[in-house]
Every structure is written in C-alpha cells, then in structure tokens.
Amino acid sequence: MEEREIDANQSFELINKMVNQAQNKLTENGFLLLFWGWLVFITALVFYCLISAESSYASLAWVTMPFGGIFTAVYVMKKNKTEKVKSFSNDYVGYVSIAFTISMFIVLTQTNKLQLNCYPIIILLYAIMTFIIGGIIRFKPLIICALVSFVLAFAAFYFEFKVQILLIALSVLVSYILPGHLLMRKFKSQSNV
Amino acid sequence: MFKDLDPLLHSQLRLAVISILVSVKEAEFTYLKEETNATAGNLSVQLQKLKDAEYIEIEKKFSNNYPQTLCKITPIGTKAFANYVKAIKQYIK
C-alpha cells in the first residue's frame, strides 16, 4: 500500500476492508479450549473409574484442576506478551473466563449448602461460558456446541451421580474439545493465508 | 454542501492504519505492516504524521529483548475517523 490520495468510493471500500479484516481475524487459537477440554475429560473419566471401584481417594482425581489453572495463567501471560495485536474481544473473553472461574469455585466449595449435586450446574457453567465466548469471537460452532451442553445440563438433573460424571465428560467433549479442534484448524488456515 | 474531508485521513495508507486501529485495542508496528502491505519506512512516516496530529499514540518498549512499537488510536483520532466516515458518506450518496 502506498501513500496516495483516493476518491470517496475507494475510501469507503478501504475502511470496510480494513475494519472487517481486523475484526474477523481470530485471535483465539483454541489451545486453551483443547487443554481444558482434555484435562476435564480425562479427569472426569478417571474419577468415574475410581468411584466405580469405590475408591476412597476418588475425589483426589480433581487435583489436576488447580494445576491446570496455574498452567493457564502462565500461558495467558506469555501469550499476551507475544501477541502482535490486542483486540477488544481478548479482553471480553478474559472477563468471561474470570467470571466462570469464580463461579466454578463458589459452586464447588458450596456444594453442601446448595443441597444438591453440583454437576448439572457445572455443565451449565461450561455451556454459558462457551456460548458467550462463541458470540464474542463470532465462532458459530462454539455457540452450537454450547447449546448441546445446555441440553446436557438440563438432562443431568434427571440422572444419578455416576451418570452425571459421564455427562460432564460428554459436555467438555462437545463444548470444548470439538469446537477447540475446529477453532484451531480455522486459526491455522487463517495464519497460512 | 459537502463537508471537507480531513486531509490527514484522506490518504490510502493513513486511512488504512486508522481503520485498523479503530477496530482493535492496540496493534504492533509489524501487524500494521502486514495488514497494509506497506513498507516499513513509509509506514513509519505516516504513523508519525498521525501521532503529530494526536490521532494515535505510539509506545516503544522492549519485549523479550526485541524492540516493540505499539500503536493505539486516541479519542481525538476516533472522533476524527467518525467525522471522516460521516463526511465520506455524503460524497457517496
């Protein structure tokens, strides 16, 4: 692009092109969706196996979560330092993720006071988070997969505890792992253009 | 009567830069260079003109021992861009 004067139509076209280019460029590569998707998926299945084996250490399976949190914090800090462009959507996704983490913490620590099994609510939180993030980054597969998780959250209230664990695994498979792969593929194809 | 177009924005490269910066929070020099396909020298000159007019802020820092130039649109720049778009619409009608 050179430094030259343009007419009104060219100006308008240029503005549209640049704004669309900047706004439609994905800044999320799907890595964290995949990381959390697989982490929760594997942990939930291990937890299910331990519960089935009536192990008294079953709940220890979830100790992977704080480590996942630490890894995520380090990853995000590094990513922020190396990013060439900071979009407003990055900020919104950050706020939604923080709200999700706080909500998850409250639900998990107050299960006794809730007097119900917290797993359907956890699936509901997964669905809410992926639905909002899908809207922010304008990635339809994420929105559609989140809708499936909403259905799973609704259904989870009608199943026993052990089945709910499997529904959590299914929920992250549908709303994290599947769209995570699709997002990563789109991000890579965009980077290769 | 048509409004006069802002001469600072009514040029291809500067308008492209402002259009990008109005859509993002901040962008690195290298990102702007890639998106506009401009040469580094030309882009530097045009960024300086936008900075002199207080349309953008330029922050130079080091990240991982590499120099980094970050550009961000200012409220004055946003207003100028909005006025420019408003004016250009009258020419197109």
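A salt bridge is a side-chain nitrogen of Lys or Arg within 4 Å of a carboxyl oxygen of Asp or Glu. With that in hand, let us walk through the charged pairs here and the contact that holds several of them.

This is a predicted model, in which local features need pLDDT of at least 70 and side-chain atom pairs count only at pLDDT 80 or more, while totals for chains, interfaces and linings use all residues. Residues are numbered from 1 along each chain as its sequence is written, chains are lettered from A in the order in which they are written, and side-chain values use heavy atoms, with hydrogens and water left out.

**Salt bridges**

Over all chains, the search of the whole structure finds four salt bridges, and three salt bridges are counted between chain A and chain B. Some of the pairs are set out here.

| Pair | N to O distance |
|---|---|
| Lys79(A) and Glu83(A) | 3.0 Å |
| Glu34(B) and Lys84(A) | 2.4 Å |
| Lys86(A) and Glu26(B) | 3.7 Å |

Lys79(A) and Glu83(A) are both buried, where buried means under 20% relative accessible area, exposed over 50% and partly exposed in between (1.4 Å probe, protein chains only). The bridge between Glu34(B) and Lys84(A) crosses between chains, from helix H2 (residues 29–36) of chain B to the loop between H3 and S1 of chain A. Helices (H or I, at least four residues) and strands (E, at least two) are DSSP runs, numbered from the N terminus. Glu34(B) counts as partly exposed at 43% relative accessibility, and Lys84(A), at 34%, is partly exposed too. Lys86(A) sits in strand S1 of chain A and Glu26(B) in strand S1 (residues 26–28) of chain B, so this pair joins two chains. Glu26(B) counts as buried, at 15% relative accessibility.

**The contact between the chains**

Chain A gives 28 residues to the contact and chain B gives 35 residues, with contact meaning heavy atoms within 4.5 Å. Together the chains bury about 2,900 Å², 57% of it on carbon and sulfur atoms; this buried area is the accessible area (1.4 Å probe) that two parts lose on being put together, summed over both.

**Helix H1 of chain B**

Helix H1 (residues 12–23) of chain B has twelve residues and reaches 17 Å from its first C-alpha to its last, close to the 16 Å expected at 1.5 Å a residue. That expected span is 1.5 Å times one less than the number of residues. Eleven of the twelve residues of H1(B) are buried, among them Arg14(B), Ile18(B) and Ser23(B).
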